[in-house]
Amino acid sequence: MREREKGMGGRKQVQNSRLASSSPCAGCKLLRRRCAHDCIFAPYFPASEPLKFATVHKVFGASNVSKLLQDIPVQHRGDAVSSLVYEANARVRDPIYGCVGAISSLQHQVESLQAQLALAQAEMVNLRMRQTVYLAHQLGQESLQNNTYIGLGKGAAVSTDSSAMSSQKLVECDTNLKAMFNLDVVVDQTNLGSPMWSC
């Protein structure tokens, strides 16, 4: 009994596979014709996707699609069908412009985003310049508050007398300037007309 049931189950599977293989593709089903084993629509328009072929047929026509696929090499037919389906769906949404309308809309979006990016970059440059000016102003204020003069050492009095300046030789910069610039700055006081700095 079990062997008979197994045999009957195997026959049912074969019959189901035959029915599945003989079922017409979406193109032949819509056109109400017998689907041949070498049907050009079968590999690309399965019976499970009837709307796919219906849209392509509505826009391009089944005969035009068949001729197009026959003129294209087999390895490129899948890509061609994908393009036809995309264009057909675009034509259904926008009968006048189709894909061109979608491309134009995307181009306008790209141009708008590029303009926004240029404005953001200009604003960044402006902010950086403001920050640089602010920092330079802060450094100038600190120098005035500390009463420092580049070329004078710690505890030295500010003087404009050239004889007093010429009497000094090599002195170090103020510790605040050292901390800021991390440089050992030395001034040669013997030639104040064109001061020479050595680090």
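This is a predicted model: local features need pLDDT of at least 70, side-chain atom pairs count only at pLDDT 80 or more; totals for chains, interfaces and linings use all residues.

Modeller: Let me start with the elements: helices (H or I, at least four residues) and strands (E, at least two) are DSSP runs, numbered from the N terminus. Residues are numbered from 1 along each chain as its sequence is written, and side-chain values use heavy atoms, with hydrogens and water left out.

Colleague: Why is Ser66 called buried?

Modeller: Buried means under 20% relative accessible area, exposed over 50%, and partly exposed in between, with a 1.4 Å probe and protein chains only. Ser66 has a relative accessible area of 15%, and therefore counts as buried. Leaving aside its neighbours within four places in sequence, Ser66 is in contact with Ile40 and Phe41, where contact means heavy atoms within 4.5 Å.

Colleague: What makes the buried residues of H4 line one face of the helix?

Modeller: The buried residues in H4, which spans residues 62-71, are Ala62, Val65, Ser66 and Leu69. Seen down the axis of H4, they fall within an arc of 100°, so they line one face; the arc is that of the directions from the helix axis to the C-beta atoms. Their cover includes helix H2 (26-31), helix H3 (50-59) and H5, whereas Lys67 and Asp71, on the other side of H4, are exposed.

Colleague: How do you know that the sulfur of Cys28 is too far from the closest cysteine sulfur for a bond?

Modeller: A disulfide is a pair of cysteine sulfur atoms within 2.5 Å. The closest cysteine sulfur to that of Cys28 is in Cys39, 3.5 Å away, and is therefore too far for a bond. A search of the whole structure finds zero disulfides. Cys25 is in no disulfide either, the nearest cysteine sulfur, that of Cys28, being 3.6 Å away.

Colleague: Are Cys25 and Cys28 buried or exposed?

Modeller: Cys25 has 4% relative accessibility and so counts as buried, and Cys28, with a relative accessible area of 1%, is buried as well.

Colleague: Why is Ile96 called exposed?

Modeller: Ile96 has a relative accessible area of 64%, and therefore counts as exposed. Ile96 lies in the loop between helix H5 (74-93) and helix H6 (99-146).
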